[in-house]
Amino acid sequence: MDSFFILIPLLPLAGFLLNGLAGRRLGVRLAGVLGCATVGGSFVFSFLALLRLLGLSEGERVLAVPVYTWIASGDFSASFGLLIDQLSVTMMLVVSGVGFLIHVYSVGYMHGDPGYTRYFAYLNLFTFAMLVLVMADNLLLMFVGWEGVGLCSYLLIGFWYKEDEPPRAGMKAFIVNRIGDFGFALGMFLLFTAFGTVAFEPLRERVLHALHAEAPQLLLWSTPYCAYTVLTAAALLLFVGAVGKSAQIPLYVWLPDAMAGPTPVSALIHAATMVTAGVYMVSRMGFLYEESPCAMGVVASVGAVTALFAATMALVQEDIKKVLAYSTISQLGYMFLACGAGAFAVGIFHLVTHAFFKALLFLAAGSVIHAMSGEQNIFKMGGLRSRMPATHWTFLAGALAIAGVPPLAGFFSKDGILARAYEQSGAALWLLGAVTAAMTAFYMFRLYFLVFAGESRVESEKAAHLHESPWVMTVPLMILAALSVVGGWMGIPHLLGGHDRFGEWLHEWGGAHETLLSHGTEWVLMAVSVAAAAIGIFIAWRLALASPGAAARLAEGSGPVYRVLFHKYYIDEIYDAAVVRPFVRLSEKCWKGVDEFFVDGTLVGTGTVAEWLGYALALLQTGAVRHYLLGIFLGALFLMTMLTGVGPVFDWYVQGAQILFTRALGTISGGG
């Protein structure tokens, strides 16, 4: 039966091939059904895989599905095999489940688009690549899925390729991710060089043996200290890949621009695929990070600083999707903060709940944009609550969840991260997380109040066409809203009378943790978390709804601070001046100096010389017999001269159109 689980990634791949090769012949309706059904099938098989694992005894919940030996060369071998355990099946359910709802929503959102079948082909390929990434049993196959999601994000962000912005955004995402991928590849090569394998389980055994055995045996190094140095370097290099894929400092700049793609694509990238890949990879390699406090410190620090940094930019954005984009960067920072604190399961828990409410928020934003005829400026909205009731209530559920309001999903996962950060990483990183929580509540409810509450600021022409979205779009919103409310209940902590079943499920990844904090400290941390959310919501209500004009006065009174935040710390401009333009100028010099002058000059010059030689040699093929006779005669004359060693034996002159020869007397000795 286990071999049937190969269908989990293959079904979306089949959808991609059918829609990509025969989509136009299938028709729009069948193409949409096919795209949804294949991902839905993956979810069904993922759920069966979950039941299969639950049927195994604890400690043996691992299914290996070998497909074939992919590479076998000398000491190196890599299989195309699937690994299904508690961690991967959790991600499989998120990718296929949330991905299925986004596919269904897309049927309504993309209706009428000329690239409809191409869109579903790309979306299926995206799901396939992410499933390969999370189900791979070795680093090399994971890298194939890793690059696959990068390619698909490029295709989907630049989906509307005839416009100006989407292709540039797709290219930016592609290039920035290549920087991170280079670090990932180096880390993988280093691990193979040091430990001789890229398969997860053998690699874990060799890492632990190298560090803890009495007589460590490595391929290149012979002491635990050397092994520690190597694995720290490898862990940091792999984290560079995670920084690029999951949009952390300093490689986060591609994610806000990725909003140029269709909104369901944004939901898929932000919730179920792509950006979560970095968190999953770090968690999968948790055995490596746990042995390196240095790498763990870097992961936690980058996560905490990114969470706060992105939240400050989200405070003042006016584009509804840009606010959500910076929110995603911030929430991913939370997940890395948890990983850096050794609580990989808590990070995955927040990844799961975040998938619910962030997919919900993006799809609800898409519903608003759909009704507003493409308008994305929140200051041109307002009062949509009565015109779009389903979208309004579901968006409110998502906003409450991400703000950390109990008992919604985000409260439990975020509170778990802050508690573990306080325990393992100290008060400084916890404080960054707590301040970020208040900012999150503020910018999400600033968004909510400006879009759905208060007086309408919608232009009259657009107001006439305002309507609720069709059921194919609102039903996925309702399902995600329900998950955003109750999704966190699978991780209710013992302090609140729960059993933290999610932590027990992922206990091998730091889930089943006996905290060293006293109950009193835990209560205080939880109270601070709830208070931060309440303060953020109150300030948002005060500035956006209760006191119209207060936000504008605050912006004017803040001086350059508001402008710096509004322009996102001018990071894009700094990158453009320090990196992009110098590379463009260097590329232009290479283009003109090396390509045009040297390469083209050499090739064109060689061709020109050959052309001239061809013209010269063509004179020997004139087709005139007299020219050939002249050539034969001159050749014979030349040979006679060379053989006899004397001068010319004939004189010649031109008379009219004729060449006449006369014998020069006395020039040939012994001859007549």
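At 48% relative accessibility, valine 33 counts as partly exposed, the classes being buried under 20% relative accessible area, exposed over 50% and partly exposed in between, with a 1.4 Å probe and protein chains only. Valine 33 lies in helix α2, where helices are DSSP runs of H or I with at least four residues and strands are runs of E with at least two, numbered from the N terminus. Its C-alpha atom is separated by 48 Å from that of glycine 549, 516 residues apart along the chain. The structure is a predicted model, in which local features need pLDDT of at least 70 and side-chain atom pairs count only at pLDDT 80 or more, whereas totals for chains, interfaces and linings use all residues. Residues are numbered from 1 along each chain as its sequence is written, and side-chain values use heavy atoms, with hydrogens and water left out.

Two helices were examined for their span, the expected value being 1.5 Å times one less than the number of residues. Helix α1 (residues 7-26) spans only 22 Å between its end C-alpha atoms, whereas a straight helix of 20 residues would span 28 Å. Helix α1 contains a kink of about 55 degrees centred on glycine 20; the bend at a residue is the angle between axes fitted to the seven residues ending there and the seven starting there. The buried residues of α1 are Ile8, Pro9, Pro12, Gly15, Asn19 and Gly23. Their cover includes α2 (28-54), β2 (76-84), α3 (86-109) and α4 (116-135), contact meaning heavy atoms within 4.5 Å. Glycine 27 follows α1 and has a positive phi, near 95 degrees.

For helix α20 (residues 471-486), the 22 Å between the end C-alpha atoms agrees with the span of 22 Å that its 16 residues should have at 1.5 Å a residue. Val472, Met473, Thr474, Pro476, Leu477, Leu480, Ala481 and Ser484 are the buried residues of α20. An α-helix has 3.6 residues a turn, so residues three or four places apart point the same way. The elements covering the buried residues of α20 include α3, α15 (344-371), α16 and α17 (409-424). Helix α16 (residues 389-403) also holds histidine 392, which is buried with a relative accessible area of 1%. Not counting residues up to four places away in sequence, histidine 392 touches Arg385, Tyr448 and Phe452.

Pockets and cavities were located on a 1 Å grid over the protein atoms alone: a cavity is a set of points where a 1.4 Å probe fits but cannot get out, a pocket is an open set with protein on both sides within 12 Å along at least five of seven lines, and lining residues have an atom within 4 Å of a point. Grid points are joined across faces, edges and corners, and a volume is the space filled by probe spheres set on the points. The largest pocket holds about 790 Å³ of space. Of the 32 residues lining the largest pocket, Phe442, Arg446, Leu543, Ala544 and Ala551 lie nearest its centre. At least two lining residues come from each of α18 (427-452), α22 (519-546), α23 (550-557) and α24 (560-566), and α18 gives the most, with seven. The lining of the largest pocket comprises 24 nonpolar, four polar and four charged residues; Ala, Val, Leu, Ile, Met, Phe, Trp, Tyr, Cys and Pro count as nonpolar, Asp, Glu, Lys and Arg as charged, and the others, Gly among them, as polar.

One cavity of 30 Å³ or more is found in a search of the whole structure. The largest cavity contains about 50 Å³ of space and is lined by Tyr252, Val253, Pro256, Asp257, Tyr326, Lys568, Ile571 and Asp572. Helices α9 (254-257) and α25 (571-618) are the elements giving two or more residues to this lining. By class, the lining of the largest cavity has five nonpolar, no polar and three charged residues.

Several backbone features fall in loops. Isoleucine 249 and proline 250 are joined by a cis peptide bond with omega of about 5 degrees, and proline 250 is placed in the loop between α8 (224-245) and α9. Alanine 247 lies in the loop between α8 and α9 and has a positive phi near 55 degrees; alanine 247 is buried, with a relative accessible area of 0%. A cis peptide bond with omega of about 5 degrees also joins proline 406 and proline 407, with proline 407 in the loop between α16 and α17. Tyrosine 570, in the loop between α24 and α25, has a positive phi near 55 degrees and counts as partly exposed at 34% relative accessibility.
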